[in-house]
Amino acid sequence: MISDERRKEVAFDDSEIERFGKHLMLKDIGVKGQKRIKAAKVVVIGVGALGSPVIQYLAAAGVGTIKAIDFDEVSLENLQSQVLHGTRDVKRPKVASAKDKVKNINKNIVFEAVKEQLDASNIEAEIEGYDLVIDCTDNYKARYLINDACALHGIPLVFGAIYQFEGQVGIFNLDGGPCLRCQYPSPPPAGLIPSCAEGGAISPLPGIIGSIQANEALKLILGIGEHLNGKILHVDSLYLSSRIFKVERDCHCPICGNNPTITNVEDIDYEDLCGLKTTNETPVEGFTPEELAKRIDNGDDITIVDVREPHERAILRFPNAIVIPIGQLVRRQKELDPNKDTIFICKQGKRSELAINTLREAGYTGPLYNLKGGIDAMKDIMFSHEGAWL
Ligand SMILES: [Zn+2]
């Protein structure tokens, strides 16, 4: 991955020799390997749960150039698993917090902090000229965008994902190997499963998965060992089991197959691909959290339907809501009164929208409303009303 010419351009000072002593004494790394690490240019997309271990280990290992991309700011609920950030960083851009941390770990490296929301119009400029991309994002839209851009530019991708107690790591677009779409041609329908951002995960899980991503990245840079090219490692942290399954390159793959149909990321509507766009002709009507709170305070005769998963409801129960999982909605629509305003709620307002569309398709005619932004947007109001509503 790093040519001998690039390696030979790298020099170390005395402090670096001391700093990387534990690498230099390894037969598979040594001075030549450490120079390759210093010459490497890596893009880390997502500076959250997976990005935290990945960035810290790559910086500590001496990767010469790290570009970190994230548009988001640190929030209190991030701190449980995003160990790169601390309490004082809340409300700061994640990339700024990361920059401070990295400076303290190893100030000899170039750390490029990019506060930007990646999309089809800007991703190519951000990854071009880099050796490796590490996907540390938490949603399908970003994953497919990153995969497609890396496949089109021939940049290897170290993929990582976490969900609840389980995680996956894989390497795509390396030496004619498969891409993400060879295994999963398109994302699952939105709403049917919570995204990782909605689904939750046990605190050390991203540390485990992200550390494996960083280790795979270093092995690729060094050209040593056996890596996960064309394979996906699945780790179950609850039962401490793991397995590796093979991913074959699919000759019908829309991006890396023999007759690709995707030749430019700007041709793909990633919002639409991931079902994030409302395609329904009649858009779903919604209440803001304030409007819903007012209806409840007024004692209006309304029905509130909670479509969240049981573990999500356990975190924060919505008062006076009836619970109907999306899969049971059509069968249980008799429980809803078509003469009453019915408001659907979920964590972020996407699955509830899907629930409304599902009911409409099934012929339900009563008035249906969505809680805009979901319970996440209503948390503060709920906490301030809790006593009055119970
Ligand atoms: Zn493919």
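1. The centres of domain 1 and domain 2, taken over C-alpha atoms, are separated by 33 Å. Domain 1 covers 40–273 and domain 2 covers 286–384; these bounds come from an automatic or database domain assignment.

2. A word on reading the rest. This is a predicted model, in which local features need pLDDT of at least 70 and side-chain atom pairs count only at pLDDT 80 or more, while totals for chains, interfaces and linings use all residues. Residues are numbered from 1 along each chain as its sequence is written, and side-chain values use heavy atoms, with hydrogens and water left out.

3. Let us begin with the metal. Which residues coordinate the zinc ion? They are Cys179, Cys182, Cys253 and Cys256, each through SG, at 2.2 to 2.3 Å. Donors here are N, O and S atoms within 2.8 Å of the metal (3.2 Å for Na, K and Ca), and sites may look incomplete because water is not among the atoms. Along the chain, the donors of the zinc ion follow the spacing C-x2-C-x70-C-x2-C.

4. Now look at the geometry. The site of the zinc ion is tetrahedral, with angles of 90 to 123 degrees among its 4 donor atoms. Helices (H or I, at least four residues) and strands (E, at least two) are DSSP runs, numbered from the N terminus.

5. Buried means under 20% relative accessible area, exposed over 50%, and partly exposed in between (1.4 Å probe, protein chains only). Asn258 is likewise in the loop between strand 8 and helix 12, but Asn258 counts as exposed because its relative accessibility is 52%.

6. How many salt bridges does a search of the whole structure find? The search finds 19, where a salt bridge is a side-chain nitrogen of Lys or Arg within 4 Å of a carboxyl oxygen of Asp or Glu. One of them joins the side chains of Glu16 and Lys38 (2.9 Å, N to O). Glu16 lies in helix 2 (residues 14–19) and Lys38 in helix 4 (residues 30–39), so this pair ties together parts that are 22 residues apart in sequence. Glu16 is buried at 6% relative accessibility, whereas Lys38 is partly exposed at 25%.

7. A second salt bridge joins the side chains of Glu126 and Lys67 (2.7 Å, N to O). Because Glu126 lies in helix 7 (residues 123–127) and Lys67 in strand 2 (residues 65–69), the pair ties together parts that are 59 residues apart in sequence. Glu126 is buried, at 13% relative accessibility, and Lys67 is buried too, at 7%.

8. The side chains of Glu77 and Lys379 meet in a salt bridge (3.7 Å, N to O). Glu77 lies in the loop between strand 2 and helix 6 (94–105) and Lys379 in helix 16 (residues 374–389), so parts that are 302 residues apart in sequence are tied together. Glu77 is exposed, at 54% relative accessibility, and Lys379 is partly exposed, at 24%. Salt bridges that share partners join Glu77, Lys347, Asp376 and Lys379 into one network.

9. Phe165, Ile202, Leu238 and Tyr239 make a nonpolar patch of about 410 Å². Patches are made of residues with over 30% relative accessible area and no salt bridge; like charges are joined within 9 Å, and nonpolar side chains (Val, Leu, Ile, Met, Phe, Trp, Tyr) within 5 Å. Accessible areas come from the Shrake-Rupley method with a 1.4 Å probe, and for residues only the protein chains shown count as cover. Leu238 is in the loop between strand 7 (231–236) and strand 8 (241–246), and is partly exposed at 44% relative accessibility.

10. Finally, compare sequence with space. Asp131, in the loop between helix 7 and strand 4 (132–135), is buried at 11% relative accessibility.

Methods. Tetrahedral: all angles 85-135°; square planar, octahedral: opposite > 155°, others 65-115°.
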